[in-house]
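This report describes selected local features of one protein chain. Please keep the sequence and the coordinates at hand while reading.

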Amino acid sequence: PQRIYYLSLEFYMGRTLQNTMVNLGLQNACDEAIYQLGLDLEELEEIEEDAGLGNGGLGRLAACFLDSMATLGLAAYGYGIRYEFGIFNQKIVDGWQVEEADDWLRYGNPWEKARPEYMLPVHFYGRVHHTPHGVQWVDTQVVLAMPYDTPVPGYKNNTVNTMRLWSAKAPNDFNLQEFNMGDYIEAVLDRNLAENISRVLYPNDNFFEGKELRLKQEYFVVAATLQDIIRRFKSSKFGCRDPVRTCFETFPDKVAIQLNDTHPALSIPELMRILVDVEKVDWDKAWEITKRTCAYTNHTVLPEALERWPVSMFEKLLPRHLEIIYALNQMHLDRVAALYPGDIDRLRRMSVIEEGDCKRINMAHLCVIGSHALRVSGHLGQPSIVRSSVFKDFYELEPEKFQNKTNGITPRRWLLLCNPGLADIIAEKIGEGFITDLSQLKKLLEFIDNESFIRDVAKVKQENKLKFAAYLEEHYKVKINPMSMFDVQVKRIHEYKRQLLNCLHAITLYNRIRCNPSKSCVPRTIMIGGKAAPGYHMAKMIIKLITSIGEVINNDPYVGDKLKVIFLENYRVSLAEKVIPAADLSQQISTAGTEASGTGNMKFMVNGALTIGTMDGANVEMAEEAGEENLFIFGMRVEDVEALDRKGYNAREYYESLPELRQAIDQISSGFFSPRDPGCFKDVVNMLMHHDRFKVFADYEAYIKCQGQVDQLFMDPREWTRKVIRNIACSGKFSSDRTITEYAREIWGVEPSATAIPPPNLPRN
């Protein structure tokens, strides 16, 4: 079959035990067996460490895709790095985030198998030697890539795929051959320099940090993986190991490489290098093969997230790849110049090489010219991606390359595993087919007025809330009111995700309660969780603000049970599995045009929370599926944001004209929430007032008003639950099975299969 290779620098897998039992159909059997031993399976599950080899959405999407590819019976491999330290553990000390190393391998990892027999060399540095017989890359430093395989089981279909993660190992002659002859001890200690490549995950989400070690990581995974792919291509039945056979004609029909963002973009020049320099394929033929093999998924529209590597770094680390990139760029620009004669500015905009004081390589441009398909989030009809984005010129050049694919989540982990109560009552009504065909949830629309089903859905939600409240009390010593509305915003802390807007709402609610303590109101527990990149000062200030607001509100006797603000420490996959099924309200409030898709929004929807959100990312499609009246949609649309940009956003206007907003800002800036350090939040206030790229104040009024509508509906539990059922029933589109089926047919040219292969104890016919 055609093999699919999903290349990613992140795989945010979480825990594996329960997922394996679910997909093998063994959960009840294991539960029973463990129970008979006098043990508790849940207690055992809590002991497993998360595999936190990702930052957020991009890494978690890769994990969902692996599950769906196995479930759809595709011959797919995930390739990445086996980081010794994943995303840091977050501790909150005095209200501030403190990072500690995630030593997840400390007690070993039972799910992985080292494969030293497939160890491969990866080359760095060196120089390029041009000879009559071709090009040689010589005098390089070698690092070995040791593969570790983790099984990826499909759902009850007897398919088990592989995730192969590379670990860096110094060769035994490392540093001994050259200058370090005299100092043997030093030379052995220097092995760490090579092995640092797979030491730690870079903890940045949606932000580019041009560090040499990171570029080494990117090339390391690409070089090892491509050697593996080509070895498998040559040794497969359709090939043959004969030295004669160097025909790569069929390569794109047998191999599909999907690039998860630009991080593995070096696959493009690396495949060219192998084909041209090593396999002696003609340049134009090699370029055709490369383009037909590679496809690229774009994950972000924020300019600060785009990878732009200094040419000087390439010159030193990957000199041959730099030559190849220059040559590819020349071909590309010649083509553009022929189509748009005299349009020098267009050439500058579309070049892979950015000229300037520091010449840089734009990896997104490299991916677009080197791929046959480019997946973007959001409708291509939406102006944001085509007009104002990085890709406008490329879209004009080759519109056929651009495809919209709505992201998805795996219903195994995000419904069956994390919310068995809900899965059970759904199965009772419509059978179990929805587990592998989530569109069947549409059948629940028949039960929207069924009183017993309405009661069941509400009961499951209440049980999940009680369970989560008990968990918070046990682990964080916080007592919350399980009858209150659980209002949840969990995601990486980032200005564009606007946790600050959530804070302003919390303060506004607090001020209303203090102003009128006897007035009855809907009790709320506002929970905000997420990690801040260690070097992102504003994100860390936002965490401190959330914890400070909580400190004041949660200890005010006038407030009592009406309002609590909780910061959920160390948000990660295993905590998401607990909090999402317990949520009543899901906050998806990024400025329109900034969140490429988002997938947390989908998890809340399928788990019976209602969404308050802007028309951004996949919220747009969620509203389309469920009907805009069944979400709480507020605020500026992309067009409004663009109009406001043209007019000029002036935060002070809103501050002057909205008394409740002014009161909240004045409290933050006067030290009301930080009495021991009144100036604590001056940077936050200064940003909001003078250089807020994400226009928090512009959506404040609409947001507060919309939250009022949330309160109104929550006071009518039956109507609220009917809306919940409608949301669940309309969430079928957001399965990663559907996403992967589209990728398979429209990008990779393979057909997924729903039929289980025979189990290993039966003969395969």
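Which residues does Gly-95 touch, not counting residues up to four places away in sequence? Gly-95 touches Ile-543, Lys-544 and Thr-547, where contact means heavy atoms within 4.5 Å. This is a predicted model, in which local features need pLDDT of at least 70 and side-chain atom pairs count only at pLDDT 80 or more, while totals for chains, interfaces and linings use all residues. Residues are numbered from 1 along each chain as its sequence is written, and side-chain values use heavy atoms, with hydrogens and water left out.

**Gly-95**

Gly-95 is placed in the loop between β5 (89–93) and β6 (96–100). Helices (H or I, at least four residues) and strands (E, at least two) are DSSP runs, numbered from the N terminus. The relative accessibility of Gly-95 is 12%, so Gly-95 counts as buried. Buried means under 20% relative accessible area, exposed over 50%, and partly exposed in between (1.4 Å probe, protein chains only). From Gly-95 to Arg-232 the separation is 137 residues in sequence and 52 Å in space, C-alpha to C-alpha.

In strand β1 (residues 3–7), 5 of 5 residues are buried. One side carries Arg-3, Tyr-5 and Leu-7, the other Ile-4 and Tyr-6, and both faces are covered. In a regular strand the side chains alternate between the two faces of the sheet.

Two strands pair if DSSP finds at least two bridges between them. Strand β1 runs parallel to β13 (residues 255–260), joined by 5 bridges, and Tyr-6 stands opposite Gln-258 in β13. Strand β1 also runs parallel to β4 (residues 76–81), with 4 bridges; here Tyr-5 has Tyr-77 as its bridge partner.

**An antiparallel sheet**

An open sheet is formed by 3 strands in the order β15-β17-β16, with antiparallel pairing. Its edge strands, β15 (308–310) and β16 (353–354), each pair on one side only. Between β16 and β17 (residues 360–362) there are 2 bridges, and Ile-353 has Ile-361 in β17 as its bridge partner. Helix α14 (residues 363–370) packs on this sheet, touching β15 and β17, and its direction makes about 45° with that of β17. Axes are lines fitted to C-alpha atoms, for helices over the stretch in contact, and angles run from 0 to 180 degrees between N-to-C directions.

**Salt bridges**

The structure holds 62 salt bridges. A salt bridge is a side-chain nitrogen of Lys or Arg within 4 Å of a carboxyl oxygen of Asp or Glu. Three of these pairs are listed below.

| Pair | N to O distance | Relative accessibility |
|---|---|---|
| Glu-288 and Arg-292 | 3.7 Å | Glu-288 35%, Arg-292 37% |
| Arg-346 and Asp-343 | 3.1 Å | Arg-346 9%, Asp-343 25% |
| Asp-449 and Arg-722 | 2.8 Å | Asp-449 45%, Arg-722 17% |

Glu-288 and Arg-292 both belong to helix α10 (residues 283–293), where they are 4 residues apart, about one turn of the helix. Arg-346 is buried, whereas Asp-343 is partly exposed. Both are members of a salt-bridge network that also includes Asp-345, Arg-348, Arg-349, Lys-392, Asp-393 and Glu-396.

The side chains of Asp-449 and Arg-722 meet in a salt bridge. This pair links distant parts of the chain, 273 residues apart: Asp-449 is in the loop between α18 (420–430) and α19 (451–476), and Arg-722 is in helix α30 (residues 717–729). Asp-449 is partly exposed, while Arg-722 is buried.

**Packing of α19 and α30**

The axes of α19 and α30 are 10 Å apart, at an angle of about 90°. The two helices, α19 and α30, are therefore roughly perpendicular to each other, a class that covers 65 to 115 degrees, with angles under 35 degrees counting as roughly parallel, over 145 as roughly antiparallel and the rest as oblique. On the α19 side, Glu-451, Phe-453, Ile-454, Val-457 and Ala-458 meet Arg-718, Thr-721, Arg-722, Val-724 and Ile-725 in α30.

**Lys-603**

An unreviewed UniProt entry annotates Lys-603 as "modified residue: N6-(pyridoxal phosphate)lysine". UniProt positions are given in the numbering used here, feature names are shortened, and annotations may be inferred rather than shown by experiment. In the model, Lys-603 is found in helix α23 (residues 600–606) and is buried, with a relative accessible area of 8%. Leaving aside neighbours within four places in sequence, Lys-603 is in contact with Arg-60, Ile-409, Trp-414 and Ile-580.
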